[in-house]
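Me: I am new to this structure. Please show me how to read it, one feature at a time.

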Amino acid sequence: MEPVENCVRKFLKDCKNNIKPVNLFKFIEFTFNTVKMVLNDYSSYYSNHIYTQPKLFTILAIKIYTNCTYRELTDLLELSDTIQKYLHLKKIPHYTTLQKFFQRLPTSILQELNKQILLNHEINGEIIALDGSGFTNDYADKYYAIIRRKERKSYVKNHISIDVDSRLILHYAAQRGPRFDTRFALAAIRNIKKYKPKYILADRAYDTEPIRKCINEEAKAEDQIPLKTRAKTGHYRLKSKKQFNQEIYSRRNNVESIFSVIKRIFNGTNRRRSLQLSNKETKLKDVL
């Protein structure tokens with residue numbers, strides 16, 4: 001094995017455990033080929049035209065995948081001739097170039113990228129599951145934060161809707177937490193009703209009359225949501241006792257598996273100083 005390849009393997013091992021170069025290169029190839037369908041080569045006619053937007057986006061995706069810092073990312077690019085040749089990099093971008101690109105990147109591009117991914121897959125949409133999970137915001141050293149009593153307690157609440165059969169994310173949203181999942185539910189249901197689902201699954205936290213009404217009347221689907229113990233009012237809430245199917249509801253664990261995969265591969269901690277960038281990073285993890 002060549003010395004350069006040994007350096008790359010050691011670097012990846014230090015950045016993140018159990019990451020294989022082969023999987024990384026497959027990830028790079030898929031990301032680069034997909035993002036070229038969405039992003040123009042350059043954001044402006046007057047830009048310096050040194051790096052194309054698809055290349056910068058792919059490099060940014062590598063950072064998320066390897067869970068390294070911007071400076072460590074430039075070191076990885078310097079070590080890996082394979083990545084340089086595949087992306088046709090004549091010059092390694094400075095870490096500030098990548099930071100500024102991420103700051104300028106509109107979230108609408110992430111939505112377009114997600115749409116492009118969905119177009120390349122067959123979506124049944126018969127059963128759709130909703131859920132939310134928290135992503136920690138922490139860029140400071142843990143010990144320093146504790147002794148200075150500045151430990152960050154806020155987090156980003158990530159909400160997703162998935163097609164249970166394909167496990168593809170159909171809709172996502174990121175907001176500053178803590179927030180109730182119900183604030184995300186109505187917008188998500190109205191967005192996914194175009195898939196004409198037969199069942200919409202969610203946990204007991206979504207057991208409200210407005211949510212059930214939106215599922216039944218707007219999405220024309222059956223709600224599979226466990227009823228809260230003290231529920232005594234509401235037409236659709238009381239009706240749900242008869243139509244609740246435990247076997248169908250058990251498939252809701254697929255959405256929890258998706259959160260587990262996202263946090264295991266891309267990490268459940270966002271190291272961004274601003275809420276806007278932290279939300280954007282969370283959405284980027286959903287798309288990747």
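**Reading the model**

Reply: Start with confidence. The protein has a mean pLDDT of 82, and 85% of its residues reach 70 or more. This is a predicted model.

Me: Where is confidence lowest, and where is it highest?

Reply: Confidence is lowest in helix α1, residues 3-15, with a mean of 55. It is highest in strand β4, residues 199-201, at 91.

Me: Next, helix packing. What describes two packed helices?

Reply: Two values do: the angle between the axes and the distance between them. Take helix α3 (residues 53-66) and helix α14 (residues 275-287). Their axes come within 11 Å and cross at roughly 90°. Angles of 65 to 115 degrees count as roughly perpendicular, so α3 and α14 are roughly perpendicular to each other.

Me: Which residues make that contact?

Reply: From α3, they are F57, L60 and I64; from α14, E281, L284 and K285. By class, the contact of α3 with α14 has 4 nonpolar, no polar and 2 charged residues.

Me: At what angle do helix α7 and α14 pack?

Reply: The angle is about 10°, and the axes of α7 (residues 107-119) and α14 are 10 Å apart. Under 35 degrees counts as roughly parallel, so α7 is roughly parallel to α14. Helix α7 brings T107, L110, L113, N114 and I117 to the contact, and α14 brings K280, K283, L284 and V287. This contact of α7 with α14 has 5 nonpolar, 2 polar and 2 charged residues.

Me: Last, cysteines. What is a disulfide?

Reply: A covalent bond between the sulfur atoms of two cysteines. With a cut-off of 2.5 Å between the sulfur atoms, the count here is 0 disulfides.

Me: Are C68 and C214 buried or exposed?

Reply: C68 is buried, at 5% relative accessible area. C214 is buried too, at 3% relative accessibility.

How values were computed:
Residues are numbered from 1 along each chain as its sequence is written. This is a predicted model: local features need pLDDT of at least 70, side-chain atom pairs count only at pLDDT 80 or more; totals for chains, interfaces and linings use all residues. Side-chain values use heavy atoms; hydrogens and water are left out. Buried means under 20% relative accessible area, exposed over 50%, partly exposed in between (1.4 Å probe, protein chains only). pLDDT is the predictor's confidence in each residue, from 0 to 100. Helices (H or I, at least four residues) and strands (E, at least two) are DSSP runs, numbered from the N terminus. Axes are lines fitted to C-alpha atoms, for helices over the stretch in contact, and angles run from 0 to 180 degrees between N-to-C directions. Angles under 35 degrees count as roughly parallel, over 145 as roughly antiparallel, 65 to 115 as roughly perpendicular and the rest as oblique. Contact means heavy atoms within 4.5 Å. Ala, Val, Leu, Ile, Met, Phe, Trp, Tyr, Cys and Pro count as nonpolar, Asp, Glu, Lys and Arg as charged, and the others, Gly among them, as polar.
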